[in-house]
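User: Hello! I am new to protein structures and would like to learn how to read one. Could you take me through it step by step?

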Amino acid sequence: MAASRTRHLCSVAVALALAVAGPAAAASARPAAADGLREVLFVGNNWDGTADVIRSSGDYAKIGRISVVPDKDARMAEINADPIKWIYFQAIRDSVGEGHDQFADDMYSTPDGRSVVVSRPSFADVVSIDLSSGKVDWRFPVAGYRADHMAVSPDGTRVAVSASTANTVHVLDIATGRQLGSFKTGDKPHENVFSKDGRYIWNMSIGDVNTDLDGPGWDWTKGDRHITVVDATTFKQVEVIDMRQRLDAFGLKDFSDAVRPAVFSPDESKLYFQVSFFNGFLEYDVATDKITRMKTLPRNPATSEDRTTWVNDSRHHGISMNPAGTRLCVAGTMDDYATVVDRASLQEGPLVPADKPYWATVSGDGKDCVVSESGADQVTAIDFATGRKVASIAVGDHPQRVRLGHVRADWTGPDAS
């Protein structure tokens with residue numbers, strides 16, 4: 001069994017390596033801009049149900065703001081008419097929502113720049129919203145009662161979304177919302193990543209992050225957590241990677257095996273990932289199927305050591321890599337900072353103060369790391385080269401996911417305030 005698993009992983013690693021010959025592209029998958037399009041950053045303001053659209057680099061000026069819940073009245077009527085849906089809606093508000101509804105988890109624009117596709121946890125759906133009219137183009141209700149993280153294929157035509165209470169990932173046609181396929185995962189699927197050639201989808205399940213059984217001795221109660229790798233065309237399982245075994249082999253028996261945000265190196269030979277409760281990240285070698293390095297980042301003395309106070313079991317949540325693959329950027333969520341880490345030495349740079357940073361992505365020109373400060377309602381850009389803050393831009397209530405995308409070149413948005 002072990003030999004078979006290693007052969008599978010080696011096959012995946014070889015396929016990934018062959019897919020990325022030539023110069024490295026930016027870490028987040030995005031199709032090249034077509035004529036008449038403008039690259040932007042979409043900032044999902046989870047608690048107020050809006051998305052700010054800002055310039056993708058430079059001064060990061062705000063271009064516009066859209067509502068991602070134009071159909072809110074209709075959705076609430078459905079929820080109020082169904083006791084089970086109402087119970088889950090309230091549970092999301094009281095647990096992962098920290099007392100707030102979750103209206104904008106993740107988002108990607110369509111290749112033509114005319115619409116943005118958004119996963120909405122509290123409404124358990126994915127919708128496509130026309131950027132000109134503000135109306136819903138299509139809606140896909142996910143299995144179960146909550147939608148979570150998404151990923152877009154390298155060509156921008158397919159979007160994968162985690163249905164967290166159904167242990168399922170749906171893959172949809174981004175233009176029509178039609179389901180192309182689905183696959184089962186571990187408990188509470190979370191992060192999704194397409195390989196650069198679009199051949200594979202990697203899903204990370206995180207288990208139950210809302211209980212107070214947060215000590216290492218109770219980690220087993222969190223559920224079945226693993227990475228599921230599937231063929232992105234047939235949706236057949238290629239491999240299951242249980243990080244529990246790899247963590248144990250590395251001497252980290254007390255670590256959680258809930259893989260949170262993750263990013264591949266440009267050649268996709270290494271995966272850098274965060275786990276619940278840990279202030280740092282780990283390096284995983286795909287071909288050898290082993291954890292090879294660990295980076296522990298500084299603790300903020302002001303951060304409580306009571307794990308039950310950490311939001312959704314996160315200590316650090318958000319990691320990205322510059323296009324050259326030489327620098328990592330980490331959001332130290334509960335420690336209230338972000339920092340750039342040299343990939344070769346794993347030495348961190350300056351700790352840039354940030355109020356509950358929840359995500360990290362790469363600017364359009366690849367020069368900066370952009371983190372969402374969910375506690376300050378702003379996004380902050382940090383220079384990958386110097387590790388220093390470049391700019392901060394005010395956005396809506398509780399920004400979480402920040403994604404590169406495109407709008408029509410002449411689009412200004414209904415609200416640029």
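This is a predicted model: local features need pLDDT of at least 70, side-chain atom pairs count only at pLDDT 80 or more; totals for chains, interfaces and linings use all residues.

User: What is a salt bridge, and how many does the structure hold?

Analyst: A salt bridge is a side-chain nitrogen of Lys or Arg within 4 Å of a carboxyl oxygen of Asp or Glu. The structure holds 28 salt bridges. A network of them links Asp71, Arg75, Glu78, Arg120, Asp125 and Arg139.

User: Where do Arg75 and Glu78 lie?

Analyst: Both are in helix α2 (residues 72-80), three residues apart, which is about one turn of the helix. Helices (H or I, at least four residues) and strands (E, at least two) are DSSP runs, numbered from the N terminus.

User: Is Arg75 buried or exposed?

Analyst: Buried means under 20% relative accessible area, exposed means over 50%, and partly exposed is in between (1.4 Å probe, protein chains only). Arg75 counts as buried because its relative accessibility is 11%. Glu78, at 33%, is partly exposed.

User: Which parts of the chain does the salt bridge of Asp335 and Arg315 link?

Analyst: In this pair, the closest N and O atoms are 2.8 Å apart. The pair links distant parts of the chain, 20 residues apart: Asp335 is in the loop between β21 (327-332) and β22 (337-342), and Arg315 is in the loop between β19 (290-296) and β20 (319-321). Asp335 is buried, with a relative accessible area of 1%, and Arg315 is buried too, at 0%.

Here is another pair to look at. Asp342 and Arg327 meet through their side chains in a salt bridge of 2.9 Å, N to O. This pair links strand β22, which holds Asp342, to strand β21, which holds Arg327, 15 residues apart. Asp342 is partly exposed at 22%, and Arg327 is partly exposed at 23%.

User: How should I read a polar contact, and which residue does Thr110 meet in one?

Analyst: A polar contact is a pair of N or O atoms within 3.5 Å; within protein, one must be able to donate a hydrogen and the other to accept it, and residues adjacent in sequence count only if both atoms are side-chain atoms. The side chain of Thr110 makes one of 2.7 Å with the side chain of Asp112. Thr110 sits in the loop between β4 (106-109) and β5 (115-120), and is buried at 8% relative accessibility.

User: What is Thr110 in contact with, leaving aside its neighbours within four places in sequence?

Analyst: Contact means heavy atoms within 4.5 Å. With those neighbours left aside, Thr110 is in contact with Ser115, Val117 and Ile174.

User: How many helices and strands does the chain have?

Analyst: The chain has four helices and 28 strands. Its radius of gyration (taken over C-alpha atoms) is 20 Å, close to the 22 Å from the globule rule for 417 residues, so the chain is as compact as a globular protein of that length. That rule is 2.2 Å times the number of residues to the power 0.38. Of the 417 residues, 57% count as buried.

Note on methods
Residues are numbered from 1 along each chain as its sequence is written. Side-chain values use heavy atoms; hydrogens and water are left out.
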